[in-house]
Amino acid sequence: MTKKKDYSKVLICRILLFDLDGVLVDSIANVERHWSEWAKRHQLDVQQVLSSIHGRRTIDTIRLVAPKLQADNEARYLDDIQTLDTNGVVATEGATELLAQLAPEQWAIVTSGPATLARARLRAAKLPLPRLLISAHDVKQGKPDPEGYLKAAELMRAEPEECLVIEDSLPGIEAAHTAHIPAIAVGNTHPRAELKSAELWIPSLKLLSIIDTEEENEIALAVSE
């Protein structure tokens, strides 16, 4: 933990729940390359497809942009090829340092991708694997449905109000809020104006650090100026 210094804000929680892509790992170039190739092969509008992929499960995006295709088969293909090809996937700024300050029982990941893909990207980014990973296959409904975040809170033995979500997309923020969990928006996956419903926006995880607290089982998350 770092010692207290000048911070603009300190947020208190018991559990941090992270989205993966755009929050802990920067996979956007890899993701958009594979989705663009897929869209072209099916003669779909590439920009329309790319504007729909962030924060959603692969199968949900396919059902949205190409309802006539066999969503199960197409989703399996896209997830498999991205699991095999992690070229260009790196940790986001500040992710390594922030996770190093947290105990394993203090954080989890809730992602819209499958677990195999999530683990492949974490390894490519040289980030630790969480004790708890809620993936697309662990829920019946993906974001913006709150099921994933509610399940994570339950399995981490915390009330939703004791958690804090860090997200980069509007569907993820909506999922957190529906679960009655406050959310920090991070990064530039989406324009900042689209993420204004979050309690706080920061450009990167580099602005976050854990400071000392006298309370047991409590995380004091400091936001730098």
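His-34, Glu-37, Trp-38, Arg-41, Tyr-77, Leu-78 and Ile-81 line the second largest cavity of this predicted model. Two elements, α1 (28-41) and α4 (71-84), each give two or more residues to that lining, and α1 gives the most, with four residues. By class, the lining comprises four nonpolar, one polar and two charged residues.

In total, two cavities of 30 Å³ or more are counted.

The aromatic side chains form two pairs. In one of them, the ring centres of Phe-18 and Trp-107 are 6.1 Å apart and the planes meet at 80°, so the arrangement is edge-to-face. This pair joins distant parts of the chain, since Phe-18 belongs to strand β2 (residues 15-18) and Trp-107 to strand β5 (residues 107-110), 89 residues apart. Phe-18 counts as buried, at 0% relative accessibility, and Trp-107 likewise counts as buried, at 5%.

The pair formed by Trp-35 and Trp-38 is also edge-to-face, because the ring centres lie 5.3 Å apart with the planes at 75°. Both residues are in helix α1, three residues apart, or about one turn of the helix. Trp-35 is buried, with a relative accessible area of 4%, and Trp-38 counts as buried at 0% relative accessibility. Trp-38 is also one of the residues that line the second largest cavity.

Methods. Residues numbered from 1 in each chain as written. Predicted model: local features only at pLDDT ≥ 70, side-chain atom pairs only at ≥ 80, totals over all residues. Heavy atoms only, no water. 1 Å grid on protein atoms, 1.4 Å probe; cavity = no way out; pocket = protein on both sides within 12 Å on 5 of 7 lines; lining within 4 Å. Points joined across faces, edges and corners; volume = space filled by probe spheres on them. Nonpolar A, V, L, I, M, F, W, Y, C, P; charged D, E, K, R; others polar. Phe/Tyr/Trp six-rings, centres within 6.5 Å; stacked < 30°, edge-to-face > 60°. Buried < 20%, exposed > 50% of the residue type's maximum accessible area, 1.4 Å probe, protein only.
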